[in-house]
Amino acid sequence: MNKRVIETKKLDCEVLVVGGGAAACMAAISAKEQGADVLLVDKGQMGKSGCSPNAHGGMALYHKDPRDGWRVHTEDTLMSGGFLNDQELVRIMTQESRRFVALLERFGCLFDRDEDGTYSVRRFGGHAYARSVFSGDETGHEMMIGLKKEMLRLGVSYMDETMATRIITADGRAVGAACLHIPTGELYYIRAGAVILATACAAGIWPSASERQRGDGFSLALQAGAELVDMEFTQYHPTHAWWPFGVRGSVSEGFRSEGGYLLNSEGERFMERYDPEKKELATRDKVSVCIYKEIRAGRGAAHGGIYASVAHLPSKYVEERLRVIFRKYMSYGYDIRKEPIEVRPRPHYSNGGVKTNTKCQTRIPGLYAAGAVTGGVHGANRLGSNALVDILVFGDIAGREAALEVAAHRKKPPFNESMFGEEVDRISGLMARRPDDPITTPPLRRKHIEMMDKYMGVLRTEEGMRIMQEEVARAKEKDLPRLIVKNQSKVYNYELRDALEMFFRIDVEEMAITAALMRTESRGGHYREDYPVRNDKEWLKNIIFRKKNGELLFELRDVAMPIVKLSDLPEYANSDSPWH
Amino acid sequence: MTCYLPPIDKPDAIYNIQILRFDPEKDRYPHWESYQVPFVRTMTVIEALEYLWDQGEYIAFRSNCREFTCGSCAMEINGKPALACDTLLEDGMRIEPLSRFPVIKDLVVDTSTVPERFKALKLWPECKHREPATKDSPPLPAAKSAIEHYRETYSRCIECYSCLDACPQSDSDESPYFGPLYMLQLARVMEHPLDEKDRVAQAAEAGISHCINCYECANVCPMNLSPATIVNELRSKTIRRLDLLFGRRRKEVG
Ligand SMILES: Cc1cc2nc3c(=O)[nH]c(=O)nc-3n(C[C@H](O)[C@H](O)[C@H](O)COP(=O)(O)OP(=O)(O)OC[C@H]3O[C@@H](n4cnc5c(N)ncnc54)[C@H](O)[C@@H]3O)c2cc1C
Ligand code: FES
């Protein structure tokens, strides 16, 4: 049919790690420690890509207060997650996490100390105690330095700028992946005994603070036959930079936890009205909905956002404690010590994702997942600074378990030439085709980003979501088949990469909308104006997707509560508020 | 990676910028091309490049965080290395790849030797015996002020390679002087409580004496670090080391 315009190559390894953020590096390190022959492929550059290097705030893993401990941390996580969390995963995360701060320091990081030499901790919104260890305002950066150095120390093989486009399976097992090497345009067949997905989430399908998270892993897992859970829950970072123009990205939660105010156009600290107790430190979703409501009521800021101010805090304190944000604005000629900035909620994280068990295994043998690409740990809404903990703990488990499984099998999996051939044809076809009424990726992507913002944003309604649902179906049928790649270059063909991402995106949109329409209540990162309250009677359930013979199947599963029962937290149970 | 920019309906101005383009599949030499981009107050170079992507003009460049924490987007802007995401767009700007590294395509350069050198220099805490990390491991001994100093002086380095690009004494990997980035990284790991390796000897081996104290590295550092100051401190340590002076250097740098 199509001429094969792309070159192919083959590689072999025992454990293939897809991704290059903290979850991926941690997984690669722990698999290597077990003696496995590991290869890591990253769409960007290992250690510089993904969200991990720019997580500012902290990692919630140090229960310093004597009253604090894994159980309190678990309860906080569950209340934030609307009790939809997989409690076993939460238990593992809160019990195992503490070791990782010491581990990272052995890799070469150092985290902030108090005068007595113990770790300094910050308190984030929704956490009962201060438990987040940090390094100034650049925790993720410090963490990635250590992980990168440890990768080098152990001599883990990695390929930068290599994008997985399909998980290859044989007899129902994951046996490798097809990966596009962006510097040369070659498609690699990387054969592996086990594949670990650590490609982060899909926040970037919205106009997001985390643009580089394009949902690749969700689609890769779905196509491979794995299950995905809680796809309707999107976490909005309530304070995404909005004005001045050039400043994009999120204004970290540190801004509020260090004492920043949110103000409407009347200068009112409106969070006092919505949540007199927690105010700005209410959970992220709540703050997001409140900001949107203020904006809709006509009390938004001059450019359509809402004001955020630290002008009431001492200058020195702002410079020290909010260094990254301070400096960032300064470089645009904005002095946050004097002037308020404008912020607006923007998607930051997908709470849902690939469903895994306590060994990070998916439904497909040989396919593991760890980090932001997974769902279950955070339920309907992730607590700030729980992500860095999740990715370390489960990255470590995934690497170890995958290595152990490979060691137990030892036999190299067969090459599935026909499946790889299909992928070669798909990509060659995408490059070569010239339909009569072609479209290119940028306008289609722009349209979808804007529509997702409008109809699948913070405030959702049946009517709006139906419009989006129709658009997704239309795009799938009409647009994807005529999507073209004009640029025929082999070297750094970013247009091809973007086009491939477009296919991933449609899968993710479809799951998110289908689940959001189904869930007739509000909870965590899913707020419906037509069903504004939490309905525990009907909706203590997870919506789970999987694909079979090209068809998207879903299933509703009751939530299990083996550790904390709803009735253990009567105050929470008796409320019908979507957020804690 | 491309990102979503809100539509620019009413630009404050239209700017002309020049970009040095090179396509290894077509061109023998790099060549300048001009582009028109709409400008809105506080727009940066990276948004101009992303705007062009959105128009279907796929100029190759690396970026990720867009908030100067990943160090991917360094390029030469008006002849000086800078982060594209940290440089406000100006009319008539000339944008070209870092000159310290071989160009692959447009603004993308081959930096693969950096991690190789990191590895050769063993830039992780090297110690004979590393206690396993457990839940009960106490924090490594380090004072609050020491950690703050460490963070402000070294650890903030995002490895964007601007300092290497600016250094007149290290204009390629062939130069006897490795360059400021590596000296800073050596000094960084030297501060780590677990590190036992002779970093001063390594600095000498990596050609620290070639630094001419021009402070170009400090001038261009987007994180406001001063590799030059660090080089001076480290160099004074090498000078005090007789074994290094009398040439009893170890064979390998690692
Ligand atoms: C601005 C910001 C601030 C944050 N602050 C905090 C905080 O203070 N505390 C906290 O706990 N969390 C925070 N988070 C969240 C946290 O950073 C992320 O959830 C976490 O880093 C995700 O880690 P990861 O390793 O799973 O994914 P990432 O670090 O995002 O890495 C994903 C990797 O997958 C690669 N990839 C993607 N697709 C493919 C493909 N098809 N093939 C190959 N590779 C692919 C990417 O290149 C990337 O390397 C923050 C996030 C952001 C954006
Ligand atoms: S894009 Fe990360 S430093 Fe510029």
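Two strands pair if DSSP finds at least two bridges between them. In this predicted model, strand S11 (residues 194–197) of chain A meets that rule with S18(A), to which three bridges join it. Within that pair, Leu197(A) stands opposite Ala369(A) in S18(A).

- Strands of a sheet pair through backbone hydrogen bonds, either parallel or antiparallel.
- Five strands of chain A form an open sheet in the order S7-S3-S2-S11-S18, and their pairing is parallel.
- The edges are taken by strand S7 (157–159) and strand S18 (367–369) of chain A; each has a single partner strand, so one side of each is left without a neighbour in the sheet.
- On average, neighbouring strands of this sheet are turned by 20° against each other, direction ignored.
- S11(A) and S18(A), the strands that carry Leu197(A) and Ala369(A), run parallel.

**The site around ligand 1**

- Ligand 1 is surrounded by 41 residues, of which the closest are Asp42(A), Ser49(A), Cys51(A), Ser52(A) and Gly57(A).
- These surrounding residues come from chains A and B, so the site is shared between chains.
- By type, the shell around ligand 1 consists of 15 nonpolar, 20 polar and six charged residues.
- Four elements of chain A each supply at least two residues of this shell: helix H1 (22–33), strand S8 (162–170), strand S16 (341–350) and helix H12 (387–409).

**Polar contacts and cover of ligand 1**

- Cys51(A), one of the closest residues, places a backbone N or O atom 2.8 Å from an oxygen atom of ligand 1.
- Gln213(A) has a polar side-chain atom 3.3 Å from an oxygen atom of ligand 1.
- For Asp216(A), a polar side-chain atom lies 2.8 Å from a nitrogen atom of ligand 1.
- On its own, ligand 1 has 1000 Å² of accessible area, and the protein covers 98% of this.

**Salt bridges**

- Side chains of opposite charge can pair when their charged atoms come close.
- With a cut-off of 4 Å between a side-chain nitrogen of Lys or Arg and a carboxyl oxygen of Asp or Glu, the count over all chains comes to 78 salt bridges.
- One of the salt bridges joins Lys9(A) and Glu186(A), whose closest N and O atoms are 3.2 Å apart.
- Lys9(A) lies in strand S1 (residues 8–12) of chain A and Glu186(A) in strand S10 (residues 186–191) of chain A, so this pair ties together parts that are 177 residues apart in sequence.

How values were computed:
Residues numbered from 1 in each chain as written. Chains lettered and ligands numbered in written order. Predicted model: local features only at pLDDT ≥ 70, side-chain atom pairs only at ≥ 80, totals over all residues. Heavy atoms only, no water. Near = heavy atom within 4 Å. Polar contact = N/O pair within 3.5 Å; in protein donor to acceptor, adjacent residues only side chain to side chain. Areas by Shrake-Rupley, 256 points an atom, 1.4 Å probe, with all protein chains shown as cover. Nonpolar A, V, L, I, M, F, W, Y, C, P; charged D, E, K, R; others polar. Axes fitted to C-alpha atoms, helices over the stretch in contact; angles between N-to-C directions.
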